[in-house]
Amino acid sequence: MTGEKEGRYINPYTDFGFKKLFGTEMNKDLLVSFLNSLLNNSESEIEDVQYLNSEKLGESYDDRRSIFDVYCMTKDGTRFIVEMQKAEQAYFKDRSLYYSTFAIREQAPKGQRWNYHLDNVYTVGVLNFMFPNDEYPPEKYRHEVKLKDVEDNHVFYDKLTFVYLEMPKFNKSEDELETMFDKWMFVLRNLSRLLDRPKALQDRVFDKLFRQAEIAKYSDAERRQYEASLKEYWDYTSTLDTAYGKGMKEGMEKGIAKGKEEGMAEGIAKGKEEGMAEGMAKGKEEGMAEATRSTALKMKMRGFTLEEISAITSLPVDEIEKL
């Protein structure tokens, strides 16, 4: 949120924070732990990863360039693209699919005969927003997507997998954390707001995570890099806040105009001035209510807590939950 003060631990939603925790050689055990908790496959746990070049160029000069947050490969050749998405973007799904093609195409050997065998490719999206239009139920925040047959729903191709985490939906408290995946979700959701390490996070991997996340232990150069990244994050969220405010204003204006028009029609039909005034007032009230609900929904998608949204919009928490 805008106006957020720098806390004890870094914000993993910043570029610096996410790459510091998951994109450096010295912290790759954190990435391994996170991926294992995400996949939850005890029969095929990841033991180690090799970081790959996260900047990918196209086949020709005119092709677009892609820069991944984290790009790595396991010993068996499985590739992982791991991305932190701060906010919803236009054509997000297209972008996610486009990025996956780089990990596919680079497997083709240059200038050699090839039988088209491909290794697994995973695209992992840590999303600081929710998919629009209630695409998934409110209680579902982890989504695993593969190519499936539309008639019988069997997995047609199992080597291309997209895993998306809708972070704003994860609201478990410390006492509710049961699995390692729960713990990682809690850390990502709350790290920058924590003052101390929670008792529920006593696993050895979190010893290192909290050491690496403590801002006071950074060098001057690292602090400058983080502060620049944090400022960029605040500026980005501030731009979104401005857009939301503009959207609310436009919604109110449209609602008032609609109410005025309907009020005039209702007043003329009744032949009374009070009919016009009553209809206009009703339309204005409905327009403002619609704009308030729209703003509350956008704040919810941004990751604001229900209590914060309620305090700002004056909407009841149970009504916000239903949006």
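Reader: Leaving aside neighbours within four places in sequence, which residues is T14 in contact with?
Author: In this predicted model, T14 is found in the segment before α1, a helix spanning 15–22. Once its neighbours within four places in sequence are left aside, the contacts of T14 are Y226, S229, L230 and Y233.

Reader: Is T14 buried or exposed?
Author: Buried means under 20% relative accessible area. The relative accessible area of T14 is 1%, so T14 is buried.

Reader: Which backbone atom lies 2.7 Å from a polar atom of the T14 side chain?
Author: T14 is in the segment before α1, and its side chain has a polar atom 2.7 Å from a backbone atom of N11. That atom of N11 is the backbone oxygen.

Reader: What is the C-alpha to C-alpha distance between S294 and L323?
Author: S294 sits in helix α7, and L323 is 29 residues from S294 in sequence. In space, C-alpha to C-alpha, the two are apart by 8.8 Å.

Reader: Where is Q107, and which backbone nitrogen does its side chain reach?
Author: Q107 is in the loop between α3 (92–105) and β6 (121–127). With a relative accessible area of 12%, against a limit of 20%, Q107 is buried. Residues that Q107 touches, not counting those up to four places away in sequence, include R79, W114 and D119. At 2.7 Å, its side chain reaches the backbone nitrogen of D119.

Reader: How many aromatic pairs are found in the whole structure, and what kind do Y141 and F170 form?
Author: The search of the whole structure finds 20 aromatic pairs. Y141 and F170 form one, with 5.3 Å centre to centre and 90 degrees between the planes. Planes over 60 degrees apart count as edge-to-face, so the pair of Y141 and F170 is edge-to-face.

Reader: Which parts of the chain does the pair of Y141 and F170 link?
Author: Both residues are buried, and they are 29 residues apart. Y141 lies in the loop between β6 and β7 (142–148), and F170 in the loop between β8 (155–166) and α4 (180–190).

Reader: What kind of pair do W184 and F206 form?
Author: W184 is in helix α4 and F206 in helix α5 (residues 204–213), 22 residues apart. W184 and F206 are buried. Their rings are 5.1 Å apart, centre to centre, with 55 degrees between the planes. Stacked requires under 30 degrees and edge-to-face over 60, so the pair is tilted.

Reader: Which ring does the charged end of K93 sit over?
Author: Ring pairs link F92, F129, F131, Y136, F162 and Y164 into a cluster. The charged end of K93 is 5.7 Å from the centre of one ring in that cluster, the ring of F131.

Reader: What share of the residues in the protein chain is buried?
Author: The secondary structure of the chain comes to 9 helices and 8 strands. Among its 323 residues, the buried share is 42%.

Notes
Residues numbered from 1 in each chain as written. Predicted model: local features only at pLDDT ≥ 70, side-chain atom pairs only at ≥ 80, totals over all residues. Heavy atoms only, no water. Helix = DSSP H or I, 4+ residues; strand = E, 2+ residues; numbered from the N terminus. Buried < 20%, exposed > 50% of the residue type's maximum accessible area, 1.4 Å probe, protein only. Polar contact = N/O pair within 3.5 Å; in protein donor to acceptor, adjacent residues only side chain to side chain. Contact = heavy atoms within 4.5 Å. Phe/Tyr/Trp six-rings, centres within 6.5 Å; stacked < 30°, edge-to-face > 60°. Lys NZ or Arg CZ within 6 Å of the ring centre and 35° of its normal.
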